[in-house]
Amino acid sequence: MSTVEELVKELIGYGVRRQLITEDDRTYAANEIFDILGVEPSADFSIEPAHTADEISAAGIAANEESAPEPDDDGAALEPILKGLLDDAVSRGVIDGGIASRDLLDTRIMGALTPRPSEVIRNFRERLAKSPELATDYFYALSRNSDYIRAYRVKKDVKWVTRTKYGDLDITINLSKPEKDPKAIAAALKKKQDNYPKCLLCPENEGYAGRLDHPARETIRLIPLTLGGERWYMQYSPYVYYNEHCIVLSGKHVPMKIERLTFVRLMEFLKILPHYTIGSNADLPIVGGSILTHEHFQGGHYTFAMAKAKIRTPLVFKGFEDVEAGIVNWPMSVIRLDGENPDRLIDLADKILTAWRGYSDAEAEILAESDGAKHNTITPIARMNGTKFELDLVLRNNRTTEQYPLGIFHPHQELHHIKKENIGLIEVMGLAVLPARLLKEMQELKTAMLAGADIRAIPSIKSHADWADEIRGKYSDINEDNIDGIIRDEIGLVFSKVLEHAGVYKDTEQGRAQFMRFIDTVNRA
């Protein structure tokens with residue numbers, strides 16, 4: 001078993017190799033970590049540099065090197081070091097054994113190794129001047145190596161791809177972030193924000209020590225951006241649902257709002273980082289994401305299934321004949337705009353948004369408002385398509401009824417056994433983020449189905465009984481060898497239905513006619 005001194009040496013070595021600190025920082029960083037741990041090192045403790053300057057240069061681990069350091073992608077190097085230090089702290093009564101206390105302490109420890117914000121910003125901008133990819137490679141590796149992204153937790157997420165009529169959908173069972181109830185998300189909009197920081201997306205989180213009900217953020221770093229003439233910031237998501245999953249957040253704690261300025265900001269972001277996709281959750285409960293209290297975007301270096309989907313129905317918008325447009329072959333209702341001139345896309349998107357905000361069609365169950373509440377909004381997603389700017393506008397409506405209290409255009413009750421949470425930006429684009437409970441439930445369901453058990457008599461999985469009956473009726477032979485693949489495929493197909501439920505216009509003859517009625521309204525405006 002390693003001693004605290006040995007573990008600190010290992011951690012310092014890790015920090016140097018991952019370019020968090022330099023050889024010159026070794027003693028200073030070690031002393032800071034000992035202070036955080038409440039440990040007085042022995043008299044003969046020494047942490048001399050492990051490498052000469054020539055060795056450092058030859059190994060390519062100089063902290064000012066332009067290339068990005070290799071990230072510790074699975075946390076294999078870091079996790080055992082931190083576990084040893086935390087276990088020791090628990091044994092000495094420095095912290096209790098709870099995960100919240102452990103997370104607060106290990107973030108503080110790693111904060112001692114994470115470069116100051118000014119250094120990170122300088123390194124990012126120097127690389128950005130040469131290549132956007134060079135800049136994001138550096139920043140993403142830093143976020144993983146500093147343990148802001150806890151790679152050893154994220155790697156536990158279960159992922160697969162399911163082929164559907166809309167293309168290959170990405171399915172994940174999320175084991176690193178709790179599921180949020182749609183009603184709790186809506187209630188958060190009305191709650192008085194009287195804590196510091198006001199929310200998890202406020203820039204004041206940078207360096208914050210945290211508390212038991214708010215994660216520590218000593219390791220988070222923000223890159224300042226100017227979008228729409230205002231200060232915004234980019235960071236990475238600690239949960240990284242996909243490659244280089246970033247969050248772009250307003251410098252002000254203001255609620256989500258979809259407006260013309262939203263489209264301007266998305267286009268300006270692409271001019272800075274054209275290799276990224278960037279999009280916004282909608283600004284209303286039910287059809288928005290899990291945080292509506294702070295304006296933000298999400299993006300990353302990833303090609304989503306929706307981006308691969310083709311145009312189902314070409315469109316021409318009056319006065320915008322220079323903009324390529326069409327309805328996307330996708331379970332949700334998506335208008336795609338392509339053009340070399342981003343200003344033209346912004347103008348047309350604003351016209352579509354304005355028309356949609358005030359649009360009603362009782363036959364399609366779409367009302368612009370009821371009882372003073374607005375219902376129509378848009379989820380926008382922007383990317384580059386070769387030399388063209390591409391903007392997808394996903395029409396959303398958050399009406400509820402007695403039959404559908406969580407939303408008419410929300411996964412309906414029969415799908416809640418798989419997915420009940422809001423359908424936000426990431427899922428709109430074709431990546432399912434399913435709750436952790438499914439992992440255990442699917443294992444129990446597999447065992448019960450192979451045994452021919454009465455699933456309705458098993459409390460923990462009875463919600464899946466109707467679905468299990470459908471699966472049994474669909475496959476003539478379900479056995480130990482194929483059941484895992486069958487269950488995964490069927491979960492993916494349920495997610496496809498989830499997106500269909502969330503689409504305001506269905507892919508039917510009637511639904512297509514209803515969609516075109518709205519397009520005609522835009523052209524008459």
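Start by selecting strand β3, residues 223–227: 4 of its 5 residues are buried. Buried means under 20% relative accessible area, exposed over 50%, and partly exposed in between (1.4 Å probe, protein chains only). Strands (E, at least two residues) and helices (H or I, at least four) are DSSP runs, numbered from the N terminus.

This is a predicted model: local features need pLDDT of at least 70, side-chain atom pairs count only at pLDDT 80 or more, and totals for chains, interfaces and linings use all residues. Residues are numbered from 1 along each chain as its sequence is written, and side-chain values use heavy atoms, with hydrogens and water left out.

Strands pair if DSSP finds at least two bridges between them. Find Leu227 and look across to Glu230 in β4. Then click Gly228 in this hairpin, which has 2 residues between the strands; Gly228 takes a positive phi near 60°.

Next, the cysteines. The whole structure contains 0 disulfides, a disulfide being a pair of cysteine sulfur atoms within 2.5 Å. Select Cys199 and Cys202. The Cys199 sulfur has its closest cysteine sulfur in Cys202, but at 3.8 Å that is too far for a bond. Cys246 is in no disulfide either; its nearest cysteine sulfur, that of Cys199, is 17 Å away. Cys199 is buried at 10% relative accessibility, and Cys246 is buried at 0%.

Finish at Arg18, in the loop between α1 (4–17) and α2 (26–37). Arg18 counts as buried because its relative accessibility is 18%. Show its contacts (heavy atoms within 4.5 Å). Beyond neighbours within four places in sequence, Arg18 touches Pro69, Glu70, Pro71, Asp72, Ala77 and Asn145.
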